[in-house]
Amino acid sequence: MKGEFTAIIEEAPEGGYWAICPEVPGANGQGTTLDEAKSSLSDAIKLIFEDRVEDVRRGLPDDAIQTVVAV
């Protein structure tokens, strides 16, 4: 899956950076550099979506149709 999301990055008072993604509640990251904070946020977004997909699939009946939709 590929997508583009908003990263809001701020300097952390203790040093480094923290990042959040307003489109994905709960997604946040941190790092000592901007690139590390963005990478950490990207990993968090991926993990959240993977978890949501696994959670939904656990309750699906065997005959449920699964396909892809592009946005």
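Which residues make up the largest nonpolar core? The answer is given in the first legend below.

The structure is a predicted model in which local features need pLDDT of at least 70 and side-chain atom pairs count only at pLDDT 80 or more, while totals for chains, interfaces and linings use all residues. Residues are numbered from 1 along each chain as its sequence is written, and side-chain values use heavy atoms, with hydrogens and water left out.

**View 1. The largest nonpolar core.** Eight residues make up this core: Ala19, Cys21, Val24, Ala27, Ala37, Leu41, Ile45 and Ile48. Helix α1 (residues 34-58) supplies the largest share, four residues. A nonpolar core is a set of buried Ala, Val, Leu, Ile, Met, Phe, Trp, Tyr and Cys residues joined through side-chain atoms within 4.5 Å. Buried means under 20% relative accessible area, exposed means over 50%, and partly exposed lies in between (1.4 Å probe, protein chains only). Helices (H or I, at least four residues) and strands (E, at least two) are DSSP runs, numbered from the N terminus.

**View 2. Contacts of Ala19.** Residues up to four places away in sequence are not counted here. Ala19 touches Ile8, Ile9, Ala27, Asn28, Gly29, Ala37 and Leu41, where contact means heavy atoms within 4.5 Å. One of these residues, Ile9, is also the bridge partner of Ala19, which lies in β2.

View 3. Strand β1 (residues 8-11) and strand β2 (residues 17-20) run antiparallel and are joined by four bridges. Two strands pair if DSSP finds at least two bridges between them. Five residues lie between β1 and β2 in the hairpin. In the turn, Gly15 has a positive phi of about 110°.

**View 4. Pairing of β2 with β3.** Strand β3 (residues 28-31) pairs with β2 in the antiparallel sense, over four bridges. Trp18 stands opposite Gln30 in β3, and the bridge partner of Tyr17 in β3 is Gly31. In a regular strand the side chains alternate between the two faces of the sheet. The covered face of β3 holds Gly29 and Gly31, and the uncovered face holds Asn28 and Gln30.

**View 5. A nonpolar patch on the surface.** Ile8, Trp18 and Ile20 form this patch and have about 220 Å² of accessible area together. Accessible areas come from the Shrake-Rupley method with a 1.4 Å probe, and for residues only the protein chains shown count as cover. Patches are made of residues with over 30% relative accessible area and no salt bridge; like charges are joined within 9 Å, and nonpolar side chains (Val, Leu, Ile, Met, Phe, Trp, Tyr) within 5 Å. Ile8 is in strand β1 and counts as partly exposed because its relative accessibility is 35%.

View 6. Asp55 forms a salt bridge with Arg58, and their closest N and O atoms are 3.2 Å apart. The term requires a side-chain nitrogen of Lys or Arg within 4 Å of a carboxyl oxygen of Asp or Glu, and by this rule the count comes to one. Asp55 and Arg58 are separated by about one helical turn because they are three residues apart in helix α1. Asp55 is partly exposed at 47% relative accessibility, whereas Arg58 is exposed, with a relative accessible area of 59%.

View 7. Thr33 is found in the loop between β3 and α1 and is partly exposed at 36% relative accessibility. Leu34 has its place in helix α1 and counts as partly exposed at 43% relative accessibility. Leaving aside neighbours within four places in sequence, Leu34 is in contact with Ile9 and Tyr17. The C-alpha atoms of Leu34 and Val53, 19 residues apart along the chain, are separated by 29 Å. Ser42, also in helix α1, is partly exposed at 29% relative accessibility. Between the C-alpha atoms of Ser42 and Val53, 11 residues apart along the chain, the separation is 17 Å.
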